Structures are given as C-alpha cells and as structure tokens.
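Trainee: I'm new to this one. Could you walk me through how to read its sheet?

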Amino acid sequence: GLKKLPDRRTFLSELVSTLKMAQSKYGLITRLILSVDRGASVEDCEETIDIAIEAHQNQSTAIGGGMIVGVEMGGNPNRGHWVRDLQPHFARARRAGLKVSLHFAENKGSEEEHDAIL
C-alpha cells in the first residue's frame, strides 16, 4: 500500500535535515523558497506562509535553520484572486523579512491583476 505522506512541517523538517547533512558533507550552500500554488485553497497559502515565517524567524532553532529565505507564488494564473486572497499573506511574509517572488502569466484580460502584483 501507499505510505501516508507527512504533513508540511514534518516534510520540511526532514528535507532541511537531509540538506544540512549534504551541506556538511559536500560543502553545499542551500537556501529554500517555499512555493504557494495560487490554485490551491487560501488555507493552504496561509499554512505555507506561516511555516515559512516560523522557520525564518527561528533561524537556528526550528525547522529551516536559516535555509528558508523566501516564498513564491506560482501555478495556474487563472486561479486564485491576488488582491482578495493571496496578497495579504505575501505581505505578511515580506514584513517578516522573507523575500517574495511572484510568477504570473501575461494573460489578456488580467491587466488589473498584473498592475496590482507589480
């Protein structure tokens, strides 16, 4: 049967632990940007941003240990509403000191959203 997947915090913690071992062993420098799928729920966006802020603020004591440097928005540009649903969470991330990267397509008829993002 299929294994039960870990929750996001557990997954990130395990990923960071593995990357720290690789950094130590091979001298790599690794930084992570957590991704928000604009087509997922607002609750998913909020949880991902919360995890990123938590990891960033607890640089050496919690999940992330300085590896989490930003958040990004990607996914289907026809899904999710930037101003109403997503922008407030990315603004929180920026205020917490995280870098923000926003990916959006130049879809005709979406100029108002493009202006709001820019």
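Predicted model: local features only at pLDDT ≥ 70, side-chain atom pairs only at ≥ 80, totals over all residues.

Trainee: How many bridges do β1 and β2 have, and in which sense do they pair, parallel or antiparallel?

Mentor: In general, strands of a sheet pair through backbone hydrogen bonds, in either a parallel or an antiparallel way. Here β1 and β2 are joined by six bridges in the parallel sense. As one example, valine 36 has methionine 73 in β2 as its bridge partner.

Trainee: What packs on the sheet next to those strands?

Mentor: Helix α1, residues 8–26, packs there and touches β1 and β2, with its direction at about 155 degrees to that of β1. Helix α2, residues 42–57, lies across β1 and β2 too, running at about 165 degrees to β1.

Trainee: And what is the strand order in the whole sheet?

Mentor: It's an open sheet of three strands, ordered β1-β2-β3, with parallel pairing. β1 (32–37) and β3 (99–102) are the edge strands, since each pairs on one side only. From one strand to the next, the twist averages 25 degrees.

Trainee: Let's pick a residue. Why does valine 69 count as partly exposed?

Mentor: Valine 69 counts as partly exposed because its value is 28%. Valine 69 sits in strand β2, residues 68–74. Leaving out neighbours within four places in sequence, valine 69 contacts Arg31, Leu32, Ile33, Leu98 and Lys99.

Methods:
Residues numbered from 1 in each chain as written. Heavy atoms only, no water. Helix = DSSP H or I, 4+ residues; strand = E, 2+ residues; numbered from the N terminus. Buried < 20%, exposed > 50% of the residue type's maximum accessible area, 1.4 Å probe, protein only. Contact = heavy atoms within 4.5 Å. Pairing = 2+ DSSP bridges. Axes fitted to C-alpha atoms, helices over the stretch in contact; angles between N-to-C directions.
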